[in-house]
Amino acid sequence: MAAPFYVVGKGNMRLPALTVPPRLIIDDGHPDSRLAPLELLGREYRARLNNRGGRQQVYATMTAGSPRMREAMVGYLADTRGMQASVPNILITHGAQMSIYIAAQLLLRPGDAVVVGEPGYYVATQVFENMGANLLRAPVDEYGIDVDAVERLCRGKIVRMLYLVPHHHHPTTVTLSPERRMRLLEIAEKYNFAIVEDDYDYDFHYSSSPYLPLAASGHNNRVVYIGSFSKSLSSSIRVGFMVGPEAFILEGVYLRRLIELRGDNHMEDALAELIRNGMWDGT
């Protein structure tokens with residue numbers, strides 16, 4: 001039998017196969033779409049589909065996201081997260097997972113050391129492993145990732161990147177304390193590594209406001225911030241975003257073009273309209 005023509009040895013990307021229907025599913029959960037303005041979003045989306053002028057847009061120039069959406073994100077990030085960003089700092093992606101992949105591709109090379117939480121988000125670690133990165137695991141307790149353990153790892157290896165889920169860490173759901181957030185920024189500066197802040201669940205908060213992201217603090221362009229609207233609107237609406245230094249985002253645009261020439265710019269425009277009119281603030 002001839003050898004397969006495709007690349008083998010990528011078993012770390014495989015998920016367990018279900019042989020029988022499960023009786024109980026424990027997963028990330030899904031947003032309650034009844035609470036989201038999906039009717040308004042659908043109306044805006046249909047209006048753009050019916051707009052003949054809109055069909056004439058040069059889509060090849062919109063890999064970074066629709067201009068309306070990127071502009072709306074400037075105010076949205078400032079109002080909801082206290083982040084100061086301009087349009088060139090923002091890349092709209094097809095969900096947070098695409099942002100993780102693009103950020104990893106730009107930051108890592110085979111053999112680079114990446115610190116992740118243990119336990120952690122397994123799909124992100126699969127991305128890093130698939131790139132040939134060396135995973136260093138720091139335990140996660142009731143206050144988030146153990147920053148002392150992170151620093152010990154940095155003393156023994158040259159760390160290139162830290163992947164962090166500070167708000168509702170996956171899968172423990174704990175939130176990183178403000179003290180540890182500030183300490184991580186100090187460690188990143190000391191040992192010269194980047195932080196990829198996956199804040200996919202920031203918009204979910206109940207009894208109190210969430211802590212501001214690390215990206216809202218002074219970080220000397222060390223933090224790449226990732227977020228998503230899929231968790232707060234509907235899991236079928238694949239709109240995510242990545243915020244970082246202008247040169248980094250520009251490289252991300254080039255890379256995203258190799259994966260996907262553009263996203264759903266009509267959906268992005270429709271969502272931008274809701275944000276601009278105050279009909280959606282992420283909560």
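This is a predicted model: local features need pLDDT of at least 70, side-chain atom pairs count only at pLDDT 80 or more; totals for chains, interfaces and linings use all residues.

Residues are numbered from 1 along each chain as its sequence is written, and side-chain values use heavy atoms, with hydrogens and water left out.

**Helix pair**

Select helix H2 (residues 67-81) and helix H8 (residues 265-276), which pack at an angle of about 35° with their axes 8 Å apart. Helices (H or I, at least four residues) and strands (E, at least two) are DSSP runs, numbered from the N terminus. Axes are lines fitted to C-alpha atoms, for helices over the stretch in contact, and angles run from 0 to 180 degrees between N-to-C directions.

Next, display the side chains at this contact (heavy atoms within 4.5 Å). From H2 come Arg68, Met69, Glu71, Ala72 and Tyr76, and they meet Glu268, Asp269, Leu271, Ala272, Ile275 and Arg276 in H8.

**Nonpolar cores**

Now select Met69, Met73, Leu77, Ile145, Leu184, Ile195 and Phe229, which touch the most other members of the largest nonpolar core, a set of 44 residues. A nonpolar core is a set of buried Ala, Val, Leu, Ile, Met, Phe, Trp, Tyr and Cys residues joined through side-chain atoms within 4.5 Å. Buried means under 20% relative accessible area, exposed over 50%, and partly exposed in between (1.4 Å probe, protein chains only). H2 supplies the largest share of this core, five residues.

Centre the view on Leu184. Setting aside residues up to four places away in sequence, Leu184 touches Ile145, Val147, Val150, Leu162, Leu164, Leu176, Ile195 and Leu214. A second, separate core has 32 residues, including Ile100, Ile102, Ala104 and Leu135.

**Cis peptide bonds**

Move to Glu118 and Pro119, whose peptide bond is cis with omega near 5°. Pro119 is in the loop between strand E2 (113-118) and helix H4 (122-130). Then select His170 and Pro171, also joined by a cis peptide bond, with omega about 10°. Pro171 lies in the loop between strand E5 (159-164) and helix H6 (178-191).

**Positive phi**

In the loop between E5 and H6, select His168. Phi of this non-glycine residue is positive, near 55°, and His168 is buried, with a relative accessible area of 19%. Finally, select Asn192, in the loop between H6 and strand E6 (194-198). Phi of Asn192 is near 60°, again a positive value in a residue other than glycine. Is Asn192 buried or exposed? Asn192 is exposed, with a relative accessible area of 54%.
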